Structure formats: structure tokens, C-alpha cells
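Hi,

Here is the structure I promised to pass on to you.

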Amino acid sequence: MERFKASLLKEILLLLHDKVGLLLMYLMPLLLVFIITIVQDSAFRLVNENRLDILIVNNDKGPLGDSLVQSMKNAGSFKIDVKEGVDESQLANLTLEGSKLATLFVPANFTQSLSSNSQRISDAMLSEFGMETVERENSGNEKEVQGGVKLIFDPVLQESFQVTLINNLQTMISGIESKEMIRQLYADMGYDEIPSKILKELNRNRTKIVAKPAMSGESAMIPNSTQHNVPAWSIFAMFFMVISLGSNLVKERLSGSFVRLQTIPGSFLHAMFAKIAVYSFVALTQLMIMFAIGVFVFPLIGLPKLNLPSHIFPFLLISVLSAMAAISYAAMVGTYAKTQEQANGFGAISIIIFAAIGGIWVPSFVMPDYMVMISKLSPLHWCLEGFYSLFLKDGSWNQLMGPVIYLVVFTVLCQFLSLWKLRRQHYI
Amino acid sequence: MTEFKQSSHILKVSGITKRYPKADAFSLADVSFDVFRGEKLGIFGPNGAGKTTLISILSGILPETSGEVNYFIDNQSTNFKKILPKIGFVPQDFALYQELTAAQNLRYFGTMHGLKKTELEDKISSLLTILGLDHVGNRKLASFSGGMKRRINLAIGLINDPEILFLDEPTVGVDVQSKVAIMTLLNELNAKGTTMIYTSHHLREAEDFCDRTLLLDNGRIIAEGTLNDLLKQHSAESLEDLLIHLTGKALRD
């Protein structure tokens with residue numbers, strides 16, 4: 001026990017001396033989680049809250065242009081600015097200069113166009129019912145009035161948002177068209193306006209869509225930038241210990257300290273177990289600090305609060321398995337690297353690549369299919385999958401089984417390869 | 001030599017060979033010799049002769065490819081694991097933690113050797129004093145000169161009061177003051193009964209230090225005996241002269 005305690009103390013002193021390693025393990029992920037969460041939060045809000053910033057140029061001389069503007073405002077999905085009397089040729093510049101994601105141009109004859117269409121449909125319907133059609137000023141002139149709206153997009157706006165906006169607009173215009181058509185029909189039948197009972201039914205007649213995230217339990221966690229970034233960057237931080245632990249191992253090997261330990265019975269294994277213990281502590285404190293920031297600090301700066309999973313034991317299991325996977329990988333790199341530069345370079349680059357393909361930077365669900373397949377090679381992906389199951393899906397054991405099996409196999413494989421190499425080098 | 005032959009064996013090496021994986025040639029080939037309790041055996045030879053490989057095998061760091069190394073306690077052949085706690089090893093490299101202080105290094109390796117706290121603290125204090133480092137015991141090794149680090153390297157090898165001490169170039173790269181301090185301590189320890197197996201390129205120092213000499217070249221023993229006997233036998237004036245005479249002037253890798 002004294003040997004283990006001495007080895008622990010030695011490892012702690014070496015770790016405290018490794019200022020760069022400590023900064024990389026604790027400060028860098030903290031900065032990253034703040035920066036990336038703030039940046040991504042606006043994108044997540046755009047997706048989740050649909051607050052697209054839109055300019056509407058309403059040149060319509062009739063009332064339907066105003067109805068369309070009102071519908072857009074009522075939708076609550078857009079941040080609307082309205083201008084009038086702007087020439088169509090200025091729309092592109094107006095969009096870019098005003099930093100709007102899109103500009104909706106409502107032409108001067110928008111109401112006229114919709115009314116004209118409604119009149120034709122009303123006439124056709126009355127005729128179909130065998131009723132007398134109304135004599136109009138422009139009867140016999142069948143020329144269709146062109147009064148379609150125009151939508152000018154900022155080139156940076158993703159296609160998915162463009163489609164969303166067009167679909168929203170189409171729905172609103174369809175609603176206005178339907179209402180105008182019914183109003184026209186009633187007007188042609190001699191009513192001044194649509195009877196209130198009909199109007200009420202028209203407004204009520206909407207098919208409800210209930211949308212909610214898929215979860216196995218009763219948890220109501222909503223995916224947001226915090227729920228992705230805090231676990232993601234915590235995992236990245238844990239794996240980045242390869243810089244500290246990897247170079248620590250190489251240094252001891254190259255300095256001859258390991259050789260000296262070989263001549264002291266049993267001391268080498270004590271030294272290795274002490275390393276694992278100290279770096280396990282590091283990994284778990286990294287997680288605790290990052291999660292605490294997600295829970296307590298993020299809400300203070302306007303970011304979504306991190307909702308911790310309700311199942312504590314699976315949460316601890318995934319945390320410990322992730323830590324062990326990170327330590328085992330770092331130990332393997334440190335065992336195989338010939339120099340500290342090699343351990344640092346290979347270690348850092350490999351973790352960055354694992355992070356990129358593993359969905360740390362960009363969630364793997366937005367990746368193409370072949371990248372999703374490749375992402376399964378990354379241990380960071382499986383750590384993240386485990387935390388995703390817990391944080392977003394209220395993870396059941398079935399959902400956690402994949403990550404647990406992968407992480408156990410990965411850890412055992414790394415440990416085996418490290419021990420095999422150390423054995424070949426006669427350290428054990 | 002006669003004096004030591006009358007004393008007991010501590011080590012008997014019988015026909016050991018060593019071939020590293022993927023190596024074309026043997027690093028050691030059919031090496032046999034005895035080491036007697038209390039003697040100072042010097043192993044010399046040009047670069048690549050196999051000195052470090054031999055010391056590494058004797059101290060249990062490397063396995064031999066073939067042959068046998070037998071250790072003795074009270075003239076009885078014993079298991080290597082039993083002799084291991086009685087071995088001290090001073091490698092050529094600074095096998096220590098530069099980020100820790102001198103005392104922390106000694107405390108760590110001493111604890112790993114199984115020394116109890118009071119005994120260990122006394123030993124640390126005594127070694128630091130003997131080696132003239134008591135005033136810098138709480139300074140990190142990173143701030144030490146090469147000579148100071150070399151003395152700490154030796155102190156760590158002595159922390160467990162070894163009965164047999166392997167010294168691989170213990171004075172390489174140090175100033176004359178450090179060298180004198182190290183050699184004086186080694187002679188004192190030897191006078192108290194510690195057996196020493198030593199390699200060095202400082203041949204003048206080795207002439208004064210060693211009781212018996214083993215010359216290696218290309219992994220084979222080319223001469224063995226007391227320095228005086230060897231000098232007479234080969235009509236050489238010094239150890240350097242003897243080495244040149246036996247191994248030639250051609251440069252080695």
C-alpha cells in the first residue's frame with residue numbers, strides 16, 4: 001500500500017508540474033464548450049425556434065397584402081420587418097445590406113391577382129351549381145392577373161430553411177386564397193361578408209400535429225446546443241489527456257526511470273496502477289466540471305441549461321467507461337511512441353480525427369451515410385452515443401448496450417496491446 | 001584475485017549469449033565469468049562491445065538468449081527474485097524525475113524498495129549529506145547541474161543499501177569534484193562489503209578503482225584478470241594501452 005501511495009504522490013506531483021497538460025485537459029475544453037455552444041446555440045435556436053429574420057416589402061394596394069403580413073407575424077416563426085414602396089430591382093441589395101436571411105416581395109397587384117382568381121373560381125362554381133353568375137366590369141376579359149409574390153434569399157441560407165420558408169408561405173397564401181374564394185362566393189350570392197359561423201369554422205378547421213422528441217421514458221429533455229456540446233467536449237477533453245499521459249509515459253521510458261523500476265520488485269505495476277488512478281480522477285473531474293458548468297453557468301449567460309439524466313447508475317457507468325477508454329488509448333500511444341514529439345503529435349492528431357469523424361464537432365446524424373459508418377470506428381463516437389442515449393433519449397439499457405460493449409472491447413484491446421508491448425520490452 | 005577467490009561467489013555467469021530481435025550478430029557470445037563477494041569488477045571495451053547489455057542482463061533488466069546467470073547468498077545458489085531486493089542499479093541515463101526534488105526522488109524510489117518512513121528519511125538525509133547535496137534536497141532536479149544529477153542518480157541506486165551494485169558509467173559527464181565525491185563514496189561502500197560491477201570510459205579512474213578487469217570486444221571476453229596481471233601479460237603500460245593493444249585502433253560504431 002505504501003508503494004501505491006508513493007506512486008500516487010509521484011504521479012500527482014508530475015501532473016501538477018505539467019502546466020501545459022493541465023491547461024489542455026481542463027482549460028481548453030472549457031473554452032471550447034463555451035465558444036462552440038454559444039456559436040451553435042444560435043443555429044440550434046434557428047432550427048428549434050425558427051426565428052428567421054425576414055424583410056417584407058409590401059407594395060400591395062389592396063387588403064390581402066396586409067393579411068399576408070399579419071399571417072407571417074402571427075406564425076411566430078419569423079422575425080419580421082415591413083417596408084413599403086420599395087422597387088423590385090432593389091430587393092437583392094436590400095436583403096444583403098439589411099442582413100436579412102430573406103426578403104418577401106408582395107407586388108402592388110397582389111390583392112387584385114388573388115381576387116381575380118377567386119372570381120373565376122366563384123363563377124365556375126356558381127355555374128356548376130346551376131346558379132346565375134354575376135356580371136362584372138371585366139366580364140369576357142379572361143386574362144389572368146399576374147400578382148405572385150417573390151422571395152429573395154441570402155445566398156448563405158441553407159436550402160432546408162428556404163424550403164421551410166416557401167412551404168410556410170405557400171400555406172399562408174393558400175389560407176388567404178381559400179378565404180378570399182369563399183368571401184367571393186358569398187359576395188356573388190349576395191352576402192356582404194362571410195357569415196361569422198362559417199368564418200369561425202374555417203379558422204377552427206385545422207388538423208392538429210403533435211410533435212415531441214422520441215424518448216423511452218417520461219423525460220422531456222429537448223435537444224439543444226448544450227445537450228450536445230457539454231457531453232461532446234467533455235469526451236474530447238478526456239481523450240485529449242493523451243498529450244499529458246502519453247508524453248508522461250514516453251518520458252519515463254526514455255529517461256530510464258522504467259528501467260530502474262524494473263530492478264525494484266513489483267514496483268512497475270504499482271507505478272502503472274497509480275497512473276491509471278490519477279488519470280481516472282482527472283477524467284472524472286473533467287466531466288464533473290464540464291457538467292457543472294452546463295448546469296449552473298450556462299443559464300447565467302443565456303445558454304440552455306444542461307439537463308442531467310435521471311438514471312444515475314447508467315450515467316456513472318458511461319462516465320467511467322469513457323474515462324477508461326480515454327486512459328487506455330493514451331497509455332497505448334505512450335507505450336508505442338518512440339519520442340515525446342511522436343506521442344504528442346500522433347496523440348493530438350488522432351484525437352482530432354476521432355473527434356471529427358465521431359460527431360464531436362458536427363453531430364453524426366447530419367453526416368452522409370458513409371460517414372455515419374466511418375464514425376463508428378471512433379471511440380469518441382461511442383462515448384457520445386452513450387451520453388446521447390442518457391441525455392436526449394432517457395437511455396434504457398437496450399440503448400446503452402452498444403456503447404457499453406464497444407467501450408469495454410476498446411479499453412481491453414488498448415490495455416492488451418500496451419501490456420503486450422511492455423512485456424516485449426521486458427518491463428513486466 | 002586470489003584474495004577474492006578465497007571469498008564466496010556472489011555471481012556466476014555461464015555461457016550467456018544475447019541476440020536482439022532482428023539483429024544480425026550476437027551482442028554477447030558465450031560469456032562466462034565469476035564475481036566474488038566484495039570485489040570491484042570493471043567491465044571495459046570499445047563502443048558496442050556489449051558492456052551495457054551484459055550489465056542489463058546481470059541486473060535482470062534484459063533476458064539472456066541462452067546461458068545462465070546464478071546468484072549466491074551464503075554460497076548457496078538462489079532465485080533471482082530473492083537477490084533482486086539486494087541489488088542496486090545506477091544506469092548511464094539520469095533515471096530520475098526532473099520535475100521532483102532530490103528528496104522526493106529518493107523518497108519515491110526508497111518507498112518502492114520497501115523502506116519504512118523513519119529509516120527512509122534517515123537514509124535520504126545521510127545520502128544527501130555524503131554526496132554534498134543536503135543544502136539542495138528540496139530543489140527540483142531540473143535546476144541541478146549535470147554533476148549534481150549524476151550524484152542523485154547514484155544516491156537512488158544506493159537507497160536500499162545494496163549488497164551488489166551495478167554501475168553503468170557512473171561518472172560520465174561530471175566535473176572533477178563530483179567525480180571525486182562519487183568515487184570516494186563507492187570506495188567507502190566497497191570497504192563495507194558492497195560488491196560492485198562497473199563500466200566506464202574513464203580508464204584512468206578505472207585503473208585506480210577496480211580490483212579485477214574484464215575486457216569485452218564484439219560481445220566476447222578477450223581478457224580477464226587483475227590489471228597488473230593483464231598489463232604484464234600483454235606488455236602494456238596502462239589500461240588504455242592494453243585496450244588499444246587488444247582491440248585495435250579502428251573506430252567503432
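**What I found**

Chain A has 16 helices and four strands, where helices (H or I, at least four residues) and strands (E, at least two) are DSSP runs, numbered from the N terminus. Before going further: this is a predicted model, in which local features need pLDDT of at least 70 and side-chain atom pairs count only at pLDDT 80 or more, while totals for chains, interfaces and linings use all residues. Residues are numbered from 1 along each chain as its sequence is written, and chains are lettered from A and ligands numbered from 1 in the order in which they are written.

**Chain A**

Taking contacts in chain A between residues at least 6 apart in sequence, 80% join residues at least 24 apart; a contact here means C-beta atoms, placed from the backbone, within 7 Å.

The four strands E2-E1-E3-E4 of chain A form, in that order, an open sheet with mixed pairing (two strands pair if DSSP finds at least two bridges between them). Its edge strands are E2 (78-83) and E4 (150-153) of chain A, each pairing on one side only. From one strand to the next, the twist averages 20° (axes are lines fitted to C-alpha atoms, for helices over the stretch in contact, and angles run from 0 to 180 degrees between N-to-C directions).

Six bridges link E1 (residues 52-58) of chain A to E2(A) in the parallel sense, and A:Asp53 has A:Lys79 in E2(A) as its bridge partner. Helix H3 (residues 64-75) of chain A lies across E1, E2 and E3 (102-106) of chain A, and runs at about 155° to E2(A).

**Chain B**

Chain B holds an open sheet of six strands, again with mixed pairing, in the order E6-E7-E8-E3-E9-E10. Strands E6 and E10 (220-225) of chain B are at the edges with a single partner strand each, so one side of each has no neighbour in the sheet. The twist in this sheet averages 15° from one strand to the next.

Do have a look at strand E3 (residues 40-44) of chain B. Five of its five residues are buried, so the strand is largely enclosed by the rest of the structure. B:Lys40, B:Gly42 and B:Phe44 point one way from E3(B), while B:Leu41 and B:Ile43 point the other way.

E3(B) pairs in the parallel sense with E8 (residues 195-199) of chain B over four bridges, and B:Leu41 stands opposite B:Ile197 there. E3(B) also runs parallel to E9 (residues 212-217) of chain B, joined by four bridges. In E9(B), B:Leu41 has B:Arg212 as its bridge partner, and B:Phe44 has B:Leu215. Helix H10 (residues 239-247) of chain B lies across E3, E9 and E10 of chain B, at about 35° to E9(B).

**Where the chains meet**

How many residues does each chain bring to the contact? Chain B gives 24 residues and chain A gives 19 residues. On the side of chain B that touches chain A, strand E6 (87-90) and helix H4 (102-112) of chain B each supply at least two residues. H4(B) provides the largest share of that side, with four residues. By class, that side of chain B has 16 nonpolar, five polar and three charged residues (Ala, Val, Leu, Ile, Met, Phe, Trp, Tyr, Cys and Pro count as nonpolar, Asp, Glu, Lys and Arg as charged, and the others, Gly among them, as polar).

Best wishes

Note on methods: Two residues are in contact if their C-beta atoms, placed from the backbone, lie within 7 Å. A residue is buried if 20 or more other C-beta atoms lie within 10 Å of its own, exposed if 12 or fewer, and partly exposed in between; C-beta atoms are placed from the backbone.
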